[in-house]
Amino acid sequence: MRATRKSRKQAEFGDFQTPPGLARAICALLAETGLEPASLVEPTCGRGSFLAAALETFPSLRSVLGLDINAAHVRAARAAAARLSAAAATQVVEGDFFRTDWPKVLRDRSEPLLVLGNPPWITSAELGSLGSSNLPEKSNFQKHSGLDAITGKSNFDISEWMLIRMLESLKGRTGTMAMLCKTTVARKALRHAWENEISLATADIYPIDAAGAFDAEVDACLLVCTPGAASFDCQVHQHLGTGGLAGKIGYRDGSLIADIAAYDRRKHLLGPELYRWRSGVKHDCSAVMELRRNGAMLHNGLGEEVRLEEEYLYPMLKGSEIVKGRTEAPSRLMLVTQRSIGEDTLPIQRRAPRTWRYLETHAKLLNRRASSIYANRPPFSVFGVGEYTFARWKVAIAGLYKRLDFKVVGPVDGKPVVLDDTSYFIACRTRDEARHLARLFNSAIAREFFASFIFWDAKRPITIELLRRLDPIALSRALQVEQITRKHLEAAPAALRADASGPRALFTQEATLTVPRPERRPAT
Ligand SMILES: C[S@@+](CC[C@H](N)C(=O)[O-])C[C@H]1O[C@@H](n2cnc3c(N)ncnc32)[C@H](O)[C@@H]1O
């Protein structure tokens with residue numbers, strides 16, 4: 001959680017106590033759905049907001065257990081519970097979630113069970129940077145489906161792990177889990193359940209105002225799940241109150257779906273990509289590899305003024321320029337040192353001596369690039385290069401923006417335009433082909449198809465995996481332009497098609513894309 005004010009200890013334990021008013025509103029909502037729990041478990045109870053709200057709301061409660069790692073919180077929670085004269089046997093204990101045998105704890109309690117709370121909002125990477133060990137130990141939970149896979153990831157939300165652990169512990173029991181968490185965590189937990197045979201009869205997401213409740217700038221929600229006969233749908237409500245349904249997310253055909261109704265309408269467009277979607281060029285060193293032209297001179301991101309030969313410079317579009325439709329006037333140039341992955345870079349020394357010197361001058365920065373993809377490669381290597389990079393026409397989309405808008409990108413000053421690695425594109429032979437594809441992908445039905453998979457709050461809402469799901473022929477058929485698309489595809493070189501040699505290959509005739517290396521021109 002990115003909170004605007006927090007202490008180190010608060011951060012380490014994801015310690016953001018739920019305001020009593022919000023805990024009461026949540027319990028009231030659960031009671032409205034007909035919940036009458038006999039046992040309540042709050043696995044990270046903090047100062048007891050949920051314990052108190054549940055004791056006030058559910059007269060059906062016979063036993064209540066709260067657990068927290070923080071002794072002061074435990075004392076406060078005990079006091080809060082003691083102030084309420086409830087019939088339920090109430091226990092608040094100091095303990096560590098990760099060292100608690102939750103299936104056993106739940107086994108010993110009568111049904112219906114309610115697992116309620118607000119687990120810590122922190123990621124394993126953030127804990128790592130705080131030097132904290134408030135994490136699950138891999139070896140403790142080897143038997144549990146998929147939890148080790150989460151612990152093994154370089155970064156994960158510890159609340160995701162906790163939610164899944166509680167859902168697993170509820171398996172086969174009559175009960176409900178209702179937890180506050182980041183909305184991305186709720187979706188990950190649901191996906192995990194749907195993929196790992198943790199059957200859920202119902203799932204509901206109620207968005208909450210995290211800024212108001214926790215001073216946190218993040219999308220958050222109440223996730224309510226009931227184990228039982230498998231359903232793969234989750235109702236998304238407008239908000240915690242009585243706002244009605246906003247939509248339905250779910251799991252279909254191996255994918256998490258953001259809009260089940262749209263997916264059901266457009267799933268006939270699922271299929272092979274046919275045209276190969278590509279990412280832009282990856283270089284991980286924009287300060288050196290991206291330059292702006294100023295008259296005869298070039299400026300790099302280090303504030304240096306340089307003169308380089310034209311040969312390895314290409315007009316370049318950032319994702320933001322694609323989104324704004326500034327495709328005809330790229331603001332930058334990219335130094336593209338290779339035409340294919342792993343190509344020898346030494347010839348640059350002879351062909352463009354100034355460029356080589358420039359690269360050598362900045363070798364320290366370039367050699368410091370962290371990604372392992374640059375290891376054991378020729379010096380100054382880049383990634384995501386091939387024939388497709390140098391195609392004169394492209395249809396492109398920016399991955400980081402919340403907009404499904406495909407743009408035609410053509411050559412500028414006689415040179416193909418390259419994209420940065422946050423954008424995706426299909427390389428085309430002609431302007432006609434690029435325009436045709438842009439029209440196809442911008443059609444209402446294609447947009448509805450793509451949107452059915454997109455969670456717009458994701459860091460990168462549009463991914464190459466998403467784009468690859470759409471079959472351009474099925475789309476063209478629906479738009480009654482199949483023959484035109486087939487004609488373009490037949491003429492497309494094998495390198496630009498997705499499955500030229502696979503069993504779904506549509507064509508036997510192969511064309512080649514000839515992109516002449518630009519003539520050597522004097523340095524600017
Ligand atoms: C987001 S706060 C929520 C507290 C309480 N559930 C509420 O809703 O007000 C998270 C709580 O988790 C507790 N916590 C963090 N790590 C824990 C662990 N390993 N075991 C048990 N409790 C833990 C913190 O002390 C903190 O009280």
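This note goes through a predicted model point by point, from the whole chain to single residues.

1. Basis of the values. Because the model is predicted, local features need pLDDT of at least 70 and side-chain atom pairs count only at pLDDT 80 or more, while totals for chains, interfaces and linings use all residues. Residues are numbered from 1 along each chain as its sequence is written, and side-chain values use heavy atoms, with hydrogens and water left out.

2. Overall fold. The chain has 21 helices and 20 strands, where helices (H or I, at least four residues) and strands (E, at least two) are DSSP runs numbered from the N terminus. Its C-alpha trace spans about 90 × 55 × 40 Å along the principal axes. Of the contacts in the chain with a separation of 6 or more, 72% are between residues 24 or more positions apart; contact here means heavy atoms within 4.5 Å.

3. The ligand. The ligand is surrounded by 25 residues, and the closest are Thr18, Glu42, Thr44, Asp68 and Asn134; a residue is near a molecule if one of its heavy atoms lies within 4 Å of it. A nitrogen atom of the ligand lies 2.8 Å from a side-chain N or O atom of Glu42, and a ligand nitrogen is also 2.6 Å from a backbone N or O atom of Thr44. For Asn134, a polar side-chain atom is 2.8 Å from a nitrogen atom of the ligand. On its own the ligand has 580 Å² of accessible area, and the protein covers 100% of this.

4. His362. This residue sits in the loop between α15 (353-361) and α16 (363-367), and His362 counts as buried because its relative accessibility is 8%. Its side chain reaches the backbone oxygen of Tyr358 at 3.0 Å. Leaving aside residues up to four places away in sequence, His362 touches Val288, Asn300, Leu302 and Glu304.

5. Thr422. The loop between β19 (418-419) and β20 (423-428) holds Thr422, which counts as buried at 16% relative accessibility. The side chains of Thr422 and Asp420 are joined by a polar contact of 2.8 Å. Beyond residues up to four places away in sequence, Thr422 touches Gly319, Ala398, Gly399, Leu400 and Arg460.

6. Backbone details worth checking. The peptide bond from Glu111 to Pro112 is cis, with omega near -5 degrees, and Pro112 lies in the loop between α5 (102-107) and β4 (113-117). Asn376, which is not a glycine, has a positive phi of about 55 degrees, and Phe380, also a residue other than glycine, has a positive phi near 65 degrees. Asn376 is exposed, at 82% relative accessible area, whereas Phe380 is buried, at 5% relative accessibility.

Notes
Polar contact = N/O pair within 3.5 Å; in protein donor to acceptor, adjacent residues only side chain to side chain. Areas by Shrake-Rupley, 256 points an atom, 1.4 Å probe, with all protein chains shown as cover. Buried < 20%, exposed > 50% of the residue type's maximum accessible area, 1.4 Å probe, protein only.
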